[in-house]
Amino acid sequence: MCIPQHGDTSANGNLLLELDALVGRTAELAGLARALGSSRLVTVTGVGGVGKSRLAAHAAARSAAGDGVWRVELAPVRDPEFLDHAVVDALGLTDHTARLPREILLGHLAGRELLLVLDGFEHLVDACAELVTELLRRAPGLRVLAVGRRPLAVAGERVFTLGPLGEDEAAQLFLDRADRQGFALRDDPDVRELCRRLDGIPLAVELAAGRLGALSPGQLLERLDDRFRLLTGGGRDALPRHQTLRTAIGWSHELCTPEERLLWSRLSVFAGRFDLEAAEYVCSGDGLRSDDVLDVLTELLAQCVVTREETATGVRYRMLDTIRAYGADWLEATGDDLRLLRRHRDWYLGLATWCELDWFSPRQNEVAARIEAELPNLRRALEHCLSEPDEVHLGQYLAGSLWFHWAGCGRLSEGRHWLERCVGLESEHEQPRLKALWVLGYVAILQGDTVSALAALQECREEAERTANPTAVAYAEHRAGCLALVSDDMARAETLLRSALARYEEIGELNSSVLMCQVELAMTRAFQGDLVEAVELCEDVRQVCEDHGERWARAYALYVLAYAAWREGDPARARARLTDCLSGAHAFHDLLGSVLTIEMLALVTATEGDPAEAAVLQGAAAAMWPSVGLPLFGSAYYNAPHELCEAIARERLGDVRYEECVRRGARLGRDAAVVRALGRCGDRALDAVPTPRGPVRYATATLALGMQQPAASPTRKGGETAG
């Protein structure tokens with residue numbers, strides 16, 4: 001996520017809270033700013049709860065980085081294998097190729113000047129050290145601000161150790177937090193002594209302030225004395241500050257009621273943020289009624305054990321990592337951790353099931369946002385399933401049920417990771433594995449990995465036929481048809497897709513995937529010159545989508561209808577459909593749908609008489625394709641409109657100006673490219689020529705778009721139109 005700079009208030013609420021909450025630390029902030037100005041790698045270290053993340057956020061917000069400041073929250077990332085994925089996600093990168101996340105990062109960072117904040121890396125220190133070393137070596141414009149409880153211990157690292165607050169600043173922090181709760185306190189001896197006994201650790205001071213609703217500073221001090229005698233917090237060789245922090249957390253824990261302590265420990269099973277409904281289901285039972293969870297949670301909020309956040313998906317809650325870890329220790333000590341992990345798994349299995357069904361509905365946007373927000377918890381559920389031999393089939397089911405997110409919302413790389421892990425494990429339950437196999441084949445097609453796609457789909461088809469599973473046979477056949485489509489084998493693609501549609505109808509299957517099968521069949525007909533059937537098929541898809549409120553498959557139907565409109569000599573109608581298509585694809589972070597549409601918009605723009613703008617759009621698309629896969633799948637059919645657009649633009653602009661416009665488009669970021677393609681930029685070229693009327697008659701179009709065979713040899717490698 002991008003950290004706001006110089007007063008920017010557009011970032012999410014959590015970061016704004018961190019930036020607003022810094023009390024004191026003037027000298028430390030200045031020192032860290034100097035360190036960032038002179039070193040490419042600065043690591044802020046210190047005991048948990050000392051305020052490392054808060055200080056780093058403020059320092060980062062004041063730094064000068066031409067391409068922005070980006071923060072990666074690593075506390076929810078438990079598996080080192082997901083470190084690179086987490087950084088890719090935080091940078092907002094979408095990549096549909098089979099490239100490793102490390103390659104994606106290196107490609108993105110090359111030539112950019114940005115500050116990357118890696119927050120909470122201590123449990124991933126070896127993996128982070130290796131990643132940072134390579135990124136700094138190969139991206140000369142990159143600087144890294146790492147935040148953790150120990151140094152990375154790599155060459156060139158400058159360590160900035162953050163100690164506790166001084167007595168004055170600790171008292172100021174306590175009074176500030178008291179004032180926020182409506183308590184006007186004086187800076188008296190009790191406050192000073194309390195902050196001194198808490199060793200000036202900000203987290204401990206804030207936890208103490210959170211008890212002011214029940215106790216005065218003097219009473220807090222008295223109870224703190226008792227708890228220091230009861231809780232030692234670590235071995236004899238532990239640093240006093242470590243003992244003090246654990247004692248402060250333990251003391252706050254002891255002051256909680258039994259129900260509050262119980263909920264605290266149970267909430268530790270969540271990774272990252274969670275909502276009330278999840279907490280009520282997962283944490284209730286055995287001493288805590290579901291109806292009581294809200295009241296108990298409210299008390300934990302008042303005590304700063306849990307924080308509340310307003311997000312795009314509604315109110316959500318989170319625990320600081322240190323507090324979560326303390327609760328996890330208590331949960332493990334009670335022997336109830338496995339039961340809670342299973343309840344957590346059950347909740348997120350149910351969520352994924354509901355979201356898959358609701359994907360084919362007017363709530364697609366809500367589903368996409370909900371799954372994105374729940375990814376840390378879904379990952380934890382997947383990890384749990386795949387680590388328990390008796391639950392592998394549940395992991396296969398969960399990974400397969402999220403097909404729409406992997407394929408339709410720009411998560412192909414992560415989906416590939418989970419799906420390959422799932423199908424590589426033995427399970428006595430065939431149905432979930434078959435689904436994971438066809439979804440794996442689908443993802444591999446989108447990434448341009450033909451060999452892996454064929455292997456997965458063939459295995460799925462053979463096993464489905466052996467076990468008489470008509471649903472799995474239909475999906476395997478459908479995806480094999482997709483592969484034939486992007487490999488330019490139109491006859492085979494049409495045969496497989498028609499057969500799959502017949503199977504879907506026979507078993508009564510109707511969803512977004514079935515509609516995409518119909519869109520892909522329409523594409524084979526359009527490429528073979530039968531625009532009438534192509535339009536009929538896609539108009540039917542559009543009507544079904546509008547009846548059900550479906551927008552993802554609808555966008556691809558509009559793409560084919562726009563192609564047909566352009567072929568029929570109606571660029572205005574083609575543009576209207578493409579604009580609608582691009583808005584839908586971009587809303588879902590569907591990079592493939594977006595770049596295909598921009599390519600087609602470039603051709604429409606050229607035939608409307610604006611070759612300069614067409615070249616700019618071609619440049620923008622060219623910059624997006626490396627994150628998708630082989631440009632236009634290496635397909636002669638898909639490439640023909642691109643070649644025609646280039647021919648028109650070069651003829652009217654000349655080679656020099658054409659290349660200049662392409663370079664200008666390549667410099668646009670993804671969002672800017674979409675805005676421009678949608679016509680909202682206002683920076684259109686001024687050298688337009690009259691728009692042609694009637695069907696397209698260019699020689700290249702007649703050769704490449706109106707024949708039964710493509711103008712060039714197919715490559716047999718690519719993705720698919722199914723997003």
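## Charges over rings

A charge sits over a ring if NZ of Lys or CZ of Arg is within 6 Å of the ring centre and within 35 degrees of the ring normal. Arginine 479 meets this rule: its charged end sits over the ring of tyrosine 442, 3.6 Å from the centre. Arginine 343 lies over the face of tyrosine 281, at 4.6 Å from the ring centre.

This is a predicted model, in which local features need pLDDT of at least 70 and side-chain atom pairs count only at pLDDT 80 or more, while totals for chains, interfaces and linings use all residues. Residues are numbered from 1 along each chain as its sequence is written, and side-chain values use heavy atoms, with hydrogens and water left out.

## Nonpolar cores

A nonpolar core is a set of buried Ala, Val, Leu, Ile, Met, Phe, Trp, Tyr and Cys residues joined through side-chain atoms within 4.5 Å. Buried means under 20% relative accessible area, exposed over 50%, and partly exposed in between (1.4 Å probe, protein chains only).

The largest core holds 187 residues. Leu74, Leu152, Leu267 and Tyr638 touch the most other members. Helix H27 (residues 552-567) gives the most to this core, with 14 residues. Helices (H or I, at least four residues) and strands (E, at least two) are DSSP runs, numbered from the N terminus. A second, separate core has 45 residues, including Ala56 and Leu194.

Contact means heavy atoms within 4.5 Å. Neighbours within four places in sequence aside, leucine 74 is in contact with residues including Leu83, Ala86, Leu118 and Phe121.

Leu83 and Ala86 are among the buried residues of H4. Seven of the eight residues of helix H4 (residues 83-90) are buried, so the helix is largely enclosed by the rest of the structure. Its buried residues pack against strands S2 (69-73) and S3 (114-119), and against helices H5 (101-109), H6 (125-138) and H20 (412-423). Just after H4, glycine 92 takes a positive phi of about 70°.

## Aromatic pairs

Rings of Phe, Tyr and Trp (its six-membered ring) pair if their centres lie within 6.5 Å; planes under 30 degrees apart count as stacked, over 60 as edge-to-face and the rest as tilted. The count comes to 20 pairs.

Phenylalanine 527 and tyrosine 638 are edge-to-face, because their planes stand at 80°, with ring centres 4.9 Å apart. This pair links distant parts of the chain, 111 residues apart: phenylalanine 527 in helix H25 (residues 512-527) and tyrosine 638 in helix H31 (residues 636-653). Phenylalanine 527 is buried at 3% relative accessible area. Tyrosine 638 is buried at 4%. Elsewhere, ring pairs link a cluster that includes Trp359, Trp403, Tyr475 and Phe588.
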